[in-house]
Amino acid sequence: MRKLIAQQWVTLDNIVAEEDGGLGFVSGEPFDDGTRTPFQDSAMNLIESVDTMILGATTYTQSTGWATADDQGEYGRKLNELAKYVASTTLDDAPWGDFPAATVVADPAATIRELKGRGGKNLWLWGSLTLMQSLFDEGLIDEVRLLVCPTTRGAGRRFFQDRQDLSLIEATGFENGVVLLRYEVNSK
C-alpha cells in the first residue's frame, strides 16, 4: 500500500511557520543540475519515490510559482509533473501553469484513503500544516520528514500540536546545516 509522507521545514524549537506565517528560516538552495550535493540527492530521492502531491488551499496558493521556477532544475521539473490534489472547499479549480491542473477535493481524508488503495508510488503532503493536523487525526500519515534548520524562532506555529508516537527511520545531517529526521508514525 502507498504511504502518505508529510514533509515540513522546522526550526530547532519546533516552529514550522513564523508568527507572520513566513518561512524565513528555510535553509534550502536552488537545485543545480550541474552540481549535486548530498542534500539535493536526498530531496531527489524523495521526489522520485512519490507520484502525487497533496496540498492545502493556502499552500497551493503560495506554491503556484513553482510552475515557472527556472532555478530548480530536475527537481522542479519532477515536482511540476506530479499529480496534485488540493484540499479546499472554496476553490473551484487549481491551475499549475502549463502543467496539468491540480484536482480540487473537498474531503481530503476520503481522497487519500482512495489514493492509498490504488497502485503507484507514495503520496507527498507538501507543507499544509492545517491539513496535516487533520490527516494525523484521521490516522492517514505514515511517515514524517522534518527538515530541521539550524535556527530557532521562539514563537510561531508549532509542528506538533498534540501527542504523536514516532519511530526513527533516518537522521542525516547536511553541509547546509539542515538535518533530515525521518519518522514512521506509530498507530494510535
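**Reading strands and burial in a predicted chain**

Trainee: How many helices and strands does the chain have?

Mentor: Helices (H or I, at least four residues) and strands (E, at least two) are runs assigned by DSSP and numbered from the N terminus. Here the chain has five helices and eleven strands.

Trainee: In which sense do E5 and E6 pair?

Mentor: Two strands are said to pair if DSSP finds at least two bridges between them. Strand E5 (residues 94-96) meets E6 in the antiparallel sense, over two bridges. Their hairpin has two residues between the strands, and Gly 97 there takes a positive phi near 60 degrees. Strand E6 (residues 99-105) is also joined by three bridges to strand E4 (residues 83-87), and these two run parallel. Within that pair, Tyr 85 stands opposite Thr 103.

Trainee: How many residues of E1 are buried?

Mentor: A residue is buried under 20% relative accessible area, exposed over 50%, and partly exposed in between (1.4 Å probe, protein chains only). Eight of the eight residues of E1 are buried, so this strand is largely enclosed by the rest of the structure.

Trainee: Which residues point one way from E1, and which the other way?

Mentor: In a regular strand the side chains alternate between the two faces of the sheet. Leu 4, Ala 6, Gln 8 and Val 10 point one way from E1, and Ile 5, Gln 7, Trp 9 and Thr 11 the other way; all are buried.

Trainee: In which sense do E1 and E8 pair?

Mentor: E1 and E8 are parallel, with seven bridges, and Trp 9 has Leu 147 as its bridge partner in E8. E1 is also parallel to strand E7 (residues 122-126), through four bridges; Ala 6 stands opposite Leu 125 there.

Trainee: How many bridges join E8 to E11?

Mentor: Six bridges join strand E8 (residues 143-149) to E11, and the two run antiparallel. Arg 145 has Arg 182 as its bridge partner in E11. In the E10 and E11 hairpin, with five residues between the strands, Gly 177 takes a positive phi near 90 degrees. Five of the seven residues of E11 (residues 179-185) are buried, which leaves this strand mostly covered.

Trainee: Where is Asp 13 found, between which strands?

Mentor: Asp 13 is in the loop between strand E1 (4-11) and strand E2 (15-17). Contact requires heavy atoms within 4.5 Å. Leaving aside neighbours within four places in sequence, Asp 13 is in contact with Thr 151, Thr 152, Arg 153, Gly 154 and Arg 158. Asp 13 and Gly 156 are 143 residues apart in sequence, yet their C-alpha atoms are 9.8 Å apart in space.

Trainee: What percentage of contacts between residues at least 6 apart in sequence join residues at least 24 apart?

Mentor: For the chain, that share is 72%. Buried residues make up 46% of its 188 residues.

Methods
Residues are numbered from 1 along each chain as its sequence is written. This is a predicted model: local features need pLDDT of at least 70, side-chain atom pairs count only at pLDDT 80 or more; totals for chains, interfaces and linings use all residues. Side-chain values use heavy atoms; hydrogens and water are left out.
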